[in-house]
Every structure is written in C-alpha cells, then in structure tokens.
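Hello,

Here is the structure we talked about. Please open it and keep it beside you while you read the notes below.

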Amino acid sequence: MTETTQRRNTTTSTTGKQDGAPQGRRSAGGPAETRGNTAIADTVVAKIAGMAAREVPEVHNLGGGMTRAVGAVRQHMPGGGTGVTQGVKVEVGERQAAVDLDVVVEYGSAITDTAADVRTNVVNAIERMTGLEVVEVNIAVDDVHLPDEEDESEPEQRRVA
C-alpha cells in the first residue's frame, strides 16, 4: 500500500506572493503600522491643546496674568516664539495624556459651557492627531476679559495711540 499525504496549497498568486508574504521574505508578524514605537513629545501635545483651546470663540487668551505678561515680552524677543503653549501644561505617557489649561474667557460667556467646549475641542484634537487617550483636561479660569479692557499682549505703540 502506498501512503498519501496532503499538502497545503502554496501556489504563487499573480502578485508573486506566497501565503500572503513576499517571495523570499518571512512575515515579521503583524501589519507594518504596528511595528515599532512612536514617541510624541510633551511640546507637541501642548501646542495641539493650546491651538484647540483658542479655537473656542469665548476663549480670549490662555495663561494667568503674570504668564501673559511674560509671554508678551517673550514674543517681542528674537526667537521668543508665538506663545502657543502659554497657559498649557501637559503630561504625556506612552498611551495617555493629561492637560491643564489656564484660560481667560470673554465677559458674558457661560463659563461652564465654555469649559465644556474647550474640553471637548482639546480632547478631540489630541486624540485625532496623536492617537493618545486624553484622561483629563483640567481648566482653571483665571480671568474674565472685559470689552473695554486693553489686551496686555498688545505692543506699546498701539496702546499710546
């Protein structure tokens, strides 16, 4: 008697691949997008959070009084930057992030509604852009901007006029 064995079908497809792997190579186990690590710096998350918070119309500015004053001076220095991260503190882990914001709201806006809008916008932006899970967004409302107040970050020549 002859014994017969069955072989798994390993015919080459029209793309030149055999069993789903490129010819001559072995699969490393998993799709390419899951191989390796991605590290996202705290400053990246802080910039995203700062921009997202400023997109809410009722937010006048970010940062406490002293922070805004220092930020205004820094903006006028060469290499000082734009202050996008002013009033933003973040803690970034491997998969999660936490955000603390110091906010100045416009007079007349509902603070709780504004905080909820900021929180939603910040969480959506960070999670969409980085893939990190945002575990909390803490908001401290430091001031209310009155309609007749001058902005502390305006240059001196505009104030004098």
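Accessible areas here come from the Shrake-Rupley method with a 1.4 Å probe. By that method, the chain has an accessible surface of about 11,500 Å². Carbon and sulfur atoms hold 49% of that surface. Please note that this is a predicted model.

Now the overall layout. The chain has four helices and four strands. Read from the N terminus, their order is α-β-α-β-β-α-β-α. The chain has 161 residues, and 27% of them count as buried. Take the contacts between residues at least 6 apart in sequence: 69% of these join residues at least 24 apart.

Start with helix H1, residues 42–54. How far apart are its end C-alpha atoms? They are 18 Å apart. That agrees with expectation, because 13 residues at 1.5 Å a residue should span 18 Å. The buried residues of H1 are Val45, Ala46, Ile48, Ala49, Gly50, Ala52 and Ala53. They pack against strand E1 (59–62), strand E2 (88–92), strand E3 (96–106) and helix H3 (111–130).

Next, H3. This helix has 20 residues, so it should span 28 Å at 1.5 Å a residue. Its end C-alpha atoms are 28 Å apart, which agrees. Which residues of H3 are buried? They are Thr114, Ala115, Val118, Val122, Val123, Ala125, Ile126 and Thr130. Their cover includes H1, E1, E3 and strand E4 (133–145). After H3 comes Gly131. The phi of Gly131 is positive, near 80°.

Then look at a loop. Val84 sits between helix H2 (65–75) and E2. Which residues does Val84 touch, leaving out those up to four places away in sequence? The list is Lys47, Gly50, Met51 and Arg54. Gly50 is also one of the buried residues of H1. Val84 and Ala46 are 38 residues apart along the chain, yet 8.1 Å separates their C-alpha atoms.

Last, the largest pocket. Its space is about 270 Å³. The lining is made of these residues:

- Gly36, Asn37, Thr38, Ala39 and Ile40
- Val92, Gly93, Glu94 and Arg95
- Thr130, Gly131 and Leu132

How does the lining divide into nonpolar, polar and charged residues? Four are nonpolar, six are polar and two are charged.

Best wishes

How values were computed. Residues numbered from 1 in each chain as written. Predicted model: local features only at pLDDT ≥ 70, side-chain atom pairs only at ≥ 80, totals over all residues. Heavy atoms only, no water. 1 Å grid on protein atoms, 1.4 Å probe; cavity = no way out; pocket = protein on both sides within 12 Å on 5 of 7 lines; lining within 4 Å. Points joined across faces, edges and corners; volume = space filled by probe spheres on them. Nonpolar A, V, L, I, M, F, W, Y, C, P; charged D, E, K, R; others polar. Helix = DSSP H or I, 4+ residues; strand = E, 2+ residues; numbered from the N terminus. Buried < 20%, exposed > 50% of the residue type's maximum accessible area, 1.4 Å probe, protein only. Contact = heavy atoms within 4.5 Å. Expected span 1.5 Å × (residues − 1).
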